[in-house]
Amino acid sequence: MTDSDISTRFRRIGLITLAAVYFLILVGGIVRASGAGMGCPDWPTCFGRLVPPTEESQLPPDYHQKYIGYGDTQFNPVKTWTEYLNRLVGVSIGILVFMTLWRSLPYRKLDPPVFQLALAVFLLVGFQGWLGSRVVASDLRPVMITAHMVTAFLIVMLLVYTVCRSQQQVLRRLDTTALPSKVRTVLLVALGLSLLQIAMGTQIREAIDGITNANEVLERNVWREHFPIIFYVHRSFSSVILFTNLWLVWNFTRHLNAGHLLRRFAYTLGGLVVVAILTGVSLDRLGFPALVQPVHLLLANLIFGCQFFLFTALRYGDSAAPLADPATAKAPG
């Protein structure tokens, strides 16, 4: 097998795994927005069963006393199966991450950091599974849920960097010399702004948990009246996010040729930011519809992932020596 074959196979499984992790973030957001987090009150089984029940008659008569979080809650099969499907997606992620690690084995000789990064992702996914069990055991404590989300965020970052590292020769062939040096600096600033915005969004989510638990304010259209000031900072800060990223899109468009990989990613970044702001406006004005919340969370993660890829690709382009044209280079082996 040539180095090119190894690179292509790893890129393929790495991108599939990354897409699956993003899908899991979306599903996890749906679970939280729908209040299905305790749909399965035990882990790894669901009400002590490998296949969840579909009706209350299948539960033990003392399930209200036996399972945490069900003291005054009736069984809801929709929420139970929503959480169960979330777990199935999580198991699928574990299989894909293992396959990614398997595909990284040849890099132990070619480029050891790729294997080491893939191993780190594999271990972090194992930790994420354990953390998920702690979320259930804690009866959905907001701090535990936030830690669960942050870990998913770290997994995405590591996967993006691992795939980029495995494709560094391709990235080094991208012509980025026309880009002004300040683009790299602004990209780094944009990454920091995105992290800050996501952190504020997490605090708002925890505030919602506090509002619904402490005050029993269940109507979504009145949540806004109880929000802390961080909500208004988060809302206003979106304009800074917008103009910073549009400046980046403008520079990538101005200085790179049509069809350039990084130019296409810059267009994607701009589109993601605009749609994320629109979903934020709908949350604010339409009473926090449950279907929009997970989409808003997913878009925030996609924005950061796109920024992180652009930053990593530019770093490889900046530090690279000229490489031979792969069309004329002699294939090894």
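Colleague: Which helix gives the most to the nonpolar patch?

Modeller: That's α3, with 5 residues. Keep in mind that this is a predicted model. The patch is made of V91, I95, F98, M99, W102, L119, F122 and L123, and together they have about 790 Å² of accessible area. Besides α3, helix α5 (112-137) gives two or more residues.

Colleague: What makes R87 and E83 a salt bridge?

Modeller: The cut-off is a side-chain nitrogen of Lys or Arg within 4 Å of a carboxyl oxygen of Asp or Glu. Here the closest N and O atoms are 3.0 Å apart, so the pair qualifies. R87 and E83 are both buried. They are about one helical turn from each other, because they sit 4 residues apart in helix α3.

Colleague: Why is D111 called buried?

Modeller: Buried means under 20% relative accessible area. D111 comes out at 11% relative accessibility, so it counts as buried. Its side chain also meets that of R165 in a salt bridge, 2.8 Å from N to O. R165 lies in helix α6 (residues 142-166) and D111 in the loop between α4 (107-110) and α5, so this pair ties together parts that are 54 residues apart in sequence.

Colleague: How do you know that D284 and R235 link distant parts of the chain?

Modeller: D284 is in helix α10 (residues 261-285) and R235 in helix α9 (residues 230-255), 49 residues apart. Their side chains meet in a salt bridge at 3.1 Å, N to O. R285 joins in as well: R235, D284 and R285 are linked in a network of salt bridges.

Colleague: What makes up the positive surface patch?

Modeller: R9, R11, R12 and R103 form it. Helix α1 (residues 3-33) gives the most, with 3 residues. R103 has its place in helix α3 (residues 77-103). Patch residues need over 30% relative accessible area, and R103, at 35%, counts as partly exposed.

Colleague: How does the "transmembrane region" record compare with the helices, say for residues 12-31?

Modeller: The unreviewed UniProt entry lists residues 12-31 and 265-283 among those regions. Residues 12-31 are 100% helix, with end C-alpha atoms 29 Å apart. Residues 265-283 are also 100% helix, and there the ends are 27 Å apart.

Note on methods:
Residues numbered from 1 in each chain as written. Predicted model: local features only at pLDDT ≥ 70, side-chain atom pairs only at ≥ 80, totals over all residues. Heavy atoms only, no water. Patch = residues over 30% accessible without salt bridge, like charges linked within 9 Å, V, L, I, M, F, W, Y side chains within 5 Å. Areas by Shrake-Rupley, 256 points an atom, 1.4 Å probe, with all protein chains shown as cover. Lys, Arg positive; Asp, Glu negative; His and termini not counted. Charge placed at Lys NZ, Arg CZ, Asp CG, Glu CD. Buried < 20%, exposed > 50% of the residue type's maximum accessible area, 1.4 Å probe, protein only. UniProt positions renumbered as here; feature names shortened; annotations may be inferred.
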